[in-house]
Amino acid sequence: MSEGAATGAEASGDTAPAAAGMTADGTADTPAAAPGAGMVADSTGAAGPQSRTADIVPGPGGVMTDEVGVVTGELTLRTEYADGKVTLRVQYKDADEWYAVTGGSVPLADPAGLDAVHGVAVGLLHRPEG
């Protein structure tokens with residue numbers, strides 16, 4: 001744009017930047033009604049603790065855990081991301097206690113990979129037909 005050119009907002013006498021607030025009518029932007037909507041960065045954002053869960057039925061060998069050994073039957077798998085690390089945990093379906101999956105903790109530099117890691121973990125552990 002040349003020095004003499006003006007945007008629609010400047011031409012109409014509005015001195016606010018044309019893109020500020022992302023509104024078409026030039027009014028001030030209002031906070032989003034949905035929690036988490038908008039683009040605010042804070043410690044609980046994408047890099048903060050996150051988790052994914054899925055109900056699984058492991059194969060005949062079950063799932064080895066650090067706390068109680070092998071668990072079998074209907075389980076819930078939780079893939080957690082916190083502090084640059086992914087940890088897999090299981091619980092008996094609808095129970096209160098969670099157990100760390102043996103060998104199920106690895107560094108993950110980008111929390112955007114959590115869904116992929118969870119998908120792989122479900123694919124490996126969910127074996128309802130053996």
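Biologist: How many of the chain's 130 residues are buried?

Modeller: Buried residues make up 25% of the 130. To count here, a residue must have under 20% relative accessible area. Keep in mind that this is a predicted model.

Biologist: What makes up the largest nonpolar core?

Modeller: Eleven residues: Ile56, Val63, Val71, Leu75, Leu77, Leu88, Val90, Tyr99, Val101, Ala121 and Leu125. Strands E4 (75-82), E5 (85-92) and E6 (99-107) and helix H2 (114-125) each give two or more residues to this core. In soluble globular proteins, nonpolar side chains tend to be buried together.

Biologist: Which residues does Leu75 contact, leaving aside neighbours within four places in sequence?

Modeller: Ala54, Asp55, Ile56, Pro58, Val63, Gln91, Tyr92 and Lys93.

Biologist: Why is the pair Arg52 and Asp115 called a salt bridge?

Modeller: The N to O distance is 2.5 Å. The cut-off is 4 Å, so the pair qualifies. Arg52 lies in strand E1 (residues 50-56) and Asp115 in helix H2, so the bridge ties together parts 63 residues apart in sequence.

Biologist: Why is Arg52 called partly exposed?

Modeller: Its relative accessible area is 26%. Buried needs under 20% and exposed over 50%, so a value in between is partly exposed. Asp115, at 47%, also counts as partly exposed.

Biologist: How do you know that Lys93 and Asp55 form a salt bridge?

Modeller: Their closest N and O atoms are 2.8 Å apart. The limit is 4 Å, so the pair passes. Lys93 is in the loop between E5 and E6, and Asp55 is in strand E1, 38 residues apart. Lys93 is partly exposed at 35%. Asp55 is partly exposed at 45%.

Biologist: Is Glu80 buried or partly exposed?

Modeller: Glu80 has 19% relative accessibility, so it counts as buried. The threshold is under 20%. Its salt-bridge partner Arg89 has 23% and counts as partly exposed.

Definitions and conventions. Residues are numbered from 1 along each chain as its sequence is written. This is a predicted model: local features need pLDDT of at least 70, side-chain atom pairs count only at pLDDT 80 or more; totals for chains, interfaces and linings use all residues. Side-chain values use heavy atoms; hydrogens and water are left out. Buried means under 20% relative accessible area, exposed over 50%, partly exposed in between (1.4 Å probe, protein chains only). A nonpolar core is a set of buried Ala, Val, Leu, Ile, Met, Phe, Trp, Tyr and Cys residues joined through side-chain atoms within 4.5 Å. Helices (H or I, at least four residues) and strands (E, at least two) are DSSP runs, numbered from the N terminus. Contact means heavy atoms within 4.5 Å. A salt bridge is a side-chain nitrogen of Lys or Arg within 4 Å of a carboxyl oxygen of Asp or Glu.
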